[in-house]
Amino acid sequence: MSDKAQESQALLTRLAELICEFDTSRISDQAISLSRTAIIDTIGVTLAGVTEPCVTNLFKVPGVGSAPGTSTVFGTAMKTSALDATFINGVGSHAHDYDDFSQPMGGHQSAPLVAPLFALAEERGATGLKLIQAYVVGIETEIRLARAVNFYHYDKGWHPTATLGVFGAAAACGYLIGLDKQKMAIALAIAASFASGLKSNFGTMVKPLHVGQCARNGLLAVLLAESGYDANPATLEHKQGFFNAFNGPGNFNAELIFQNWSNPLEVLSTEMGLKQFPCCGSTHPPVTMMLNLRKEEAIDPKDVAKVDVLVHKRRLPHTNNPNPQTPLEAKFSVQYAVARALVSGAVRLGDFEGEAHFDADVREVMSKLTAGPHPDMADDSPEQFGAEVTVTLKNGQVLTRKISNLVGRGITYPMTSDEMWEKFNDCAKGALPRADIPPLFERLETLEKVTDIRAVAKLLAKRALPGQSNRTQTHIDTSGGSDGTNVLQETSWVP
């Protein structure tokens with residue numbers, strides 16, 4: 001198509017064509033592996049989230065989860081509509097803020113996609129490979145839109161996980177069920193009017209609610225387009241459309257959506273990664289260096305005289321918290337996270353529950369730990385997730401580990417199978433019987449070979465006890481727990 005012809009087309013019409021004509025041969029074995037890993041990770045953190053108050057409180061609202069349907073609420077024996085399952089699982093996926101993240105998106109790329117894809121695939125009997133292909137399309141869509149609007153979009157106060165994730169969910173679900181180009185453009189246009197999510201609600205249950213709502217809205221947009229709804233495909237560029245309303249004139253670059261589309265695929269980017277630890281992503285580089293030191297040097301915390309942590313300047317405003325008083329504050333304390341890594345040799349969900357952050361041995365290390373900006377890490381460097389950790393022992397020995405950039409555990413530093421299993425098992429054990437977790441993990445490890453996603457969904461459901469129906473097993477314990485959400489940041493993106 002000529003440049004002039006492209007200019008006359010609505011942006012969402014152009015985008016819909018790219019989505020519908022997506023060449024699946026571009027999805028290499030590596031891309032399948034990375035996508036499968038991200039999906040497994042998202043399912044794991046969803047299982048961890050379904051017992052949190054931000055999810056259990058949903059069931060106090062009349063009608064939530066009561067719609068008839070065949071889609072599973074993860075970690076329960078509950079079946080409901082694809083829309084309701086997407087909403088509930090979507091909230092759960094971000095309950096602990098433990099899901100993967102992307103630097104260009106300024107948010108979490110997988111959570112808006114996995115819940116609606118599984119709910120829809122279960123309803124319609126899609127294959128695992130088709131689900132992975134749809135996931136790749138969803139990632140490509142939301143990250144390309146992010147490149148067009150960020151970081152002005154993020155700094156203005158929008159929550160990109162939700163405001164951009166809704167487009168990814170619509171693209172992925174529309175691709176999964178085979179919408180044609182016209183209906184795909186309509187679905188994306190509907191999604192544009194569904195986009196919402198304000199950073200002012202970070203630190204509350206509303207942050208994960210954003211994810212559940214955007215995932216549901218993306219799926220709803222697809223179902224409405226499939227039914228014959230209409231919408232304006234020019235709603236991105238319209239003078240009162242998405243770009244101008246959300247960013248304002250001159251604060252976006254629409255052509256970045258299309259530039260080198262899928263070449264390379266966004267799922268192969270070095271700018272996204274999994275969260276190995278259930279705390280702020282800015283703490284992950286120093287935590288990783290401390291764990292490496294502990295393992296490689298066999299450090300005994302009792303032998304430590306001093307710990308110095310140096311990180312990129314942008315990592316400190318939200319993590320320099322030497323005396324956290326709540327589990328949520330502990331998630332945003334580099335002092336606590338690094339000290340916990342040294343004392344326990346791991347950082348797990350339980351370390352951010354109850355009174356764990358007051359552990360005497362951890363507090364002893366924290367009293368010897370200082371954190372500050374690294375003098376050799378420039379403010380404007382493209383590598384802003386670096387860290388150097390130095391441990392001085394009582395005998396005078398000095399041990400150091402340094403990494404220049406670690407945006408989670410991604411393509412350049414993937415989590416091992418053992419590390420993936422450790423995280424998944426830690427997440428799933430609160431929702432599923434321990435004996436049911438290994439078969440689920442093993443099936444997910446070969447997701448692309450699954451001929452009907454309903455076989456996986458059976459493993460995601462909590463089995464009814466003998467003599468009880470599924471309907472009697474839908475209760476979720478609403479006692480205790482923290483909201484596990486992020487805190488408001490005004491000046492920089494915090495994964």
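**Entry 1. A146**

I took a residue as buried when its relative accessible area is under 20%. The model I consulted is predicted. I first looked up A146 and located it in helix α7, which spans residues 128-149. Its relative accessibility is 1%, so I recorded A146 as buried. Leaving aside residues up to four places away in sequence, I found that A146 touches P104, M105 and L164. I also looked up the separation of A146 and C279: they are 133 residues apart in sequence, and their C-alpha atoms are 24 Å apart in space.

**Entry 2. Helices α11 and α12**

I next examined how helix α11 (residues 181-194) packs with helix α12 (residues 206-227). I noted the crossing of α11 and α12 as right-handed. Which residues meet where these two helices pack? From α11 I listed K183, I186, A187, I190, A191 and F194; from α12, I listed N217, L220, A221, V222, L224, A225 and E226.

**Entry 3. The sheet**

I then traced an open sheet of four strands, in the order β6-β5-β7-β8, with mixed pairing. Its edge strands are β6 (369-373) and β8 (398-403), each of which pairs on one side only. From one strand to the next, I noted an average twist of 15°. I looked up the pairing of β7 (residues 387-393) with β8: the two run antiparallel and are joined by six bridges. One residue I checked was A387, whose bridge partner in β8 is I403.

I looked next at the helix α14, residues 284-297, which packs on the sheet and touches β5, β7 and β8. The direction of α14 makes about 135° with that of β8. Helix α16 (residues 334-344) lies across β5 and β6, and I noted that α16 runs at about 130° to β6.

**Entry 4. T319**

Finally, I looked up T319, which I found in the loop between β5 (304-311) and α15 (327-331). Apart from residues up to four places away in sequence, T319 touches C280, S282, T283, F332, S333, V334 and Q335.

Definitions and conventions
Residues are numbered from 1 along each chain as its sequence is written. This is a predicted model: local features need pLDDT of at least 70, side-chain atom pairs count only at pLDDT 80 or more; totals for chains, interfaces and linings use all residues. Side-chain values use heavy atoms; hydrogens and water are left out. Contact means heavy atoms within 4.5 Å. Two strands pair if DSSP finds at least two bridges between them. Axes are lines fitted to C-alpha atoms, for helices over the stretch in contact, and angles run from 0 to 180 degrees between N-to-C directions. A crossing is left-handed if the near helix is turned anticlockwise from the far one by less than a right angle, and right-handed if clockwise. Buried means under 20% relative accessible area, exposed over 50%, partly exposed in between (1.4 Å probe, protein chains only).
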